[in-house]
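Here are my notes on the model, as promised. Have a look at the fold first, then read the points below alongside it.

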Amino acid sequence: MSSDQIRELLTTIAKNLVDQPDQISINELHSDQAFIFELSVAKSDVGKVIGRGGKTAMAIRSILEAASGKYKRRVILEILE
């Protein structure tokens, strides 16, 4: 998957978790060794994306890592508040 496809995957996952999908914003940064995505959602939806004990955020990160395996780059997801 390219970074665009990973971005689409992250967008789809986030839209299905939040109550205000129109408030989703994803900023993408590139480095030689990683794809870095900064996810911003409505203030009331931050807890839904992070989940209890961070379990939802860890699950999203695992999915993104699996999707990026072909490119031998890490995927870093930062959830902005």
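**Notes on the fold**

1. Starting with the sheet: β2 and β3 run parallel to each other and pair over seven bridges. Strands here are DSSP E runs of at least two residues, helices are H or I runs of at least four, and both are numbered from the N terminus; two strands count as paired if DSSP finds at least two bridges between them. S40 sits opposite L80 in β3.

2. Before going further, the ground rules. This is a predicted model, where local features need pLDDT of at least 70, side-chain atom pairs count only at pLDDT 80 or more, and totals for chains, interfaces and linings use all residues. Residues are numbered from 1 along each chain as its sequence is written, and side-chain values use heavy atoms, with hydrogens and water left out.

3. On the other pairing, β1 (residues 25-30) runs antiparallel to β2, with six bridges joining them. The two form a hairpin with three residues between them. I26 faces L39 in β2, and N27 has E38 as its bridge partner in that strand.

4. Put together, that gives an open three-stranded sheet in the order β1-β2-β3, with mixed pairing. β1 and β3 are the edge strands, each pairing on one side only. From one strand to the next the twist averages 20°. α1 packs on this sheet and touches β1, β2 and β3, and its direction makes about 30° with that of β2. (Contact means heavy atoms within 4.5 Å; axes are lines fitted to C-alpha atoms, for helices over the stretch in contact, and angles run from 0 to 180 degrees between N-to-C directions.)

5. Now α1. Its buried residues are S3, I6, L10, I13 and A14. Viewed down the axis of α1 they fall within an arc of 95°, so they line one face of the helix; the arc is taken over directions from the helix axis to the C-beta atoms. E8 and N16 are exposed on the other side of α1. The buried set packs against β1, β2, α3 and β3.

6. α3 can be read the same way. A57, I60, L64 and A67 are buried, and they fall within an arc of 90° seen down the axis of α3, so they too line one face. K55 and A66 are exposed on the face turned away from the buried side of α3. The buried residues of α3 pack against α1, α2 and β3.

7. Finally, the largest nonpolar core has 19 residues, and L10, F37, L39 and L77 have the most contacts inside it. (A nonpolar core is a set of buried Ala, Val, Leu, Ile, Met, Phe, Trp, Tyr and Cys residues joined through side-chain atoms within 4.5 Å.) At least two residues each come from α1 (3-17), β2 (34-40), α2 (46-50), α3 (55-67) and β3 (74-80), and α1 gives the most, with four. Not counting residues up to four places away in sequence, L39 touches several residues, including L10, A14, I26, V49 and L77.

How values were computed: Buried < 20%, exposed > 50% of the residue type's maximum accessible area, 1.4 Å probe, protein only.
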